[in-house]
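Colleague: I am new to this one. Can we go through it together, term by term?
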Amino acid sequence: MTRSVPLIYVENITRSYENGAVVALRKVSLKIYAGDCVAILGKSGSGKSSLIQIMGGCDSPTSGTVFWREEPVRNQQEWRELRATEIGIIFQEFLLLSVLTAIENVEMALMGRGLSAKERNLRAAELLGMVGLGKRLHHLPSALSGGERQRVAIARSIANNPALILADEPTGNLDSANAAAIIDLLLEIQKTHGTALVIVTHDESLAARCRRRVRIRDGLIVEDGLVLKERDLVENIVVADDRASSSAPPAVVSAAVGLRVSDPQQCVSDPQQ
Ligand code: ADP
Ligand code: MG
């Protein structure tokens, strides 16, 4: 049987802090495939953020290796390139630049792509339209609601058509109605673009909307399985078939070339916010 190639594979990752006094991750291994929808569950302090930070190259493991499409990621330059082309990240705190408007925050992610200012502007406006913010282009983050800020962050994260979106408690600062709307949006992007989505949450009902659930406890993966609802069965079979027959990402993702960015600012918090 042909084995498919994971988009990202974290192998035997350990992350400790304070000279080993705190161990956040203990030899964790996880493979994420093109088009996956994975919820990472676990109590506060179980190691979820440590894992997602390492999967996005925002933090380095104490030991272990991260592979992107079977190649080890070796240094920060390679991580920056991946975040500019293949990986979008969304944080609980949004991490928008407070002095830039919504459209300028998204345009930032499109820098260094060989696009003119006009093209960046049009693309950013299109992205903000897609996330329902067509009428909020020129607002500063401080003039937007939490849900709207997270939509800007989502638009920024998908600006370069990533193959993988990492979301660390993206609804943690939102009320339940806004949280549900943000999850709807992320799942819609995952489905329509064939993007793999890894979403950290401690909300079981939100997690239930992802096909695969990974549970972390005390820095260990204690559960990793597909959640099969009746209506998902056919879809799962199709995904399994795709994986077995081809390592290529879905056509939409393969076709999504041409936009590049030098520094999408995704790991950087804004000190003014
Ligand atoms: P979660 O996201 O599941 O709440 P984290 O990955 O943030 O968990 O944290 C896992 C463990 O690592 C916790 O015990 C936390 O206190 C510890 N930890 C995280 N970041 C640091 C840090 N920078 N310095 C020391 N300990 C940390
Ligand atoms: Mg966390």
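Modeller: Start with strand 8, residues 196–201, where six of the six residues are buried. Keep in mind that this is a predicted model.

Colleague: What makes a residue of strand 8 count as buried?

Modeller: A residue is buried if 20 or more other C-beta atoms lie within 10 Å of its own. Six of six residues in strand 8 are buried, so the strand is called mostly covered.

Colleague: Which residues show that both faces of strand 8 are covered?

Modeller: On one side, Ala-196, Val-198 and Val-200 are buried. On the other, Leu-197, Ile-199 and Thr-201 are buried too.

Colleague: How do you know that strand 3 and strand 8 pair?

Modeller: Pairing needs at least two bridges. Strand 3, residues 37–41, is joined to strand 8 by five bridges, so the two count as paired. They run parallel. Cys-37 has Leu-197 as its bridge partner in strand 8.

Colleague: What about strand 7 and strand 8?

Modeller: Strand 7 covers residues 164–168 and pairs with strand 8 over five bridges, again in the parallel sense. Leu-166 stands opposite Val-198 of strand 8.

Colleague: Why are helix 5 and helix 6 called roughly parallel?

Modeller: Helix 5, residues 146–157, packs with helix 6 at about 15°. Angles under 35 degrees count as roughly parallel. The pair is therefore roughly parallel. The axes are 10 Å apart, and the crossing is right-handed. On the side of helix 5, Gly-146, Gly-147, Gln-150 and Ile-154 make the contact. Helix 6 brings Asn-178, Ala-181, Ile-182, Leu-185 and Leu-186.

Colleague: In what order do the strands of the six-stranded open sheet lie?

Modeller: The order is 6-7-8-3-9-10, and the pairing is mixed. Neighbouring strands of this sheet are turned by 15° against each other on average, direction ignored.

Colleague: What makes strand 6 and strand 10 edge strands?

Modeller: Strand 6 (87–91) and strand 10 (220–226) each pair on one side only.

Colleague: Where is antiparallel pairing found in the chain?

Modeller: Strand 9, residues 212–217, pairs with strand 10 in the antiparallel sense over six bridges. Arg-212 stands opposite Leu-226 there. Strand 1 (residues 8–17) and strand 2 (residues 22–32) also run antiparallel, joined by seven bridges. In that pair, Arg-15 stands opposite Leu-25.

Colleague: How many residues lie between strand 1 and strand 2 in their hairpin?

Modeller: Four residues lie between them. Glu-18 in the turn has a positive phi of about 50°.

Colleague: How is helix 1 set against strand 8?

Modeller: Helix 1, residues 48–55, runs at about 155° to strand 8. Angles over 145 degrees count as roughly antiparallel, so this one does. Helix 1 lies across strand 3, strand 7, strand 8 and strand 9.

Colleague: Which residues of helix 2 are buried?

Modeller: In helix 2, residues 76–85, they are Leu-82, Arg-83 and Ala-84. The buried residues of helix 2 pack against strand 4 (63–68) and strand 6.

Colleague: And the whole chain?

Modeller: The chain has nine helices and ten strands. Of its 273 residues, 41% count as buried. Among contacts between residues at least 6 apart in sequence, 73% join residues at least 24 apart.

Notes:
Residues numbered from 1 in each chain as written. Chains lettered and ligands numbered in written order. Predicted model: local features only at pLDDT ≥ 70, side-chain atom pairs only at ≥ 80, totals over all residues. Buried ≥ 20, exposed ≤ 12 C-beta atoms within 10 Å, placed from the backbone. Contact = placed C-beta atoms within 7 Å. Axes fitted to C-alpha atoms, helices over the stretch in contact; angles between N-to-C directions. Parallel < 35°, antiparallel > 145°, perpendicular 65-115°, else oblique. Left-handed = near helix turned anticlockwise from the far one by under 90°.
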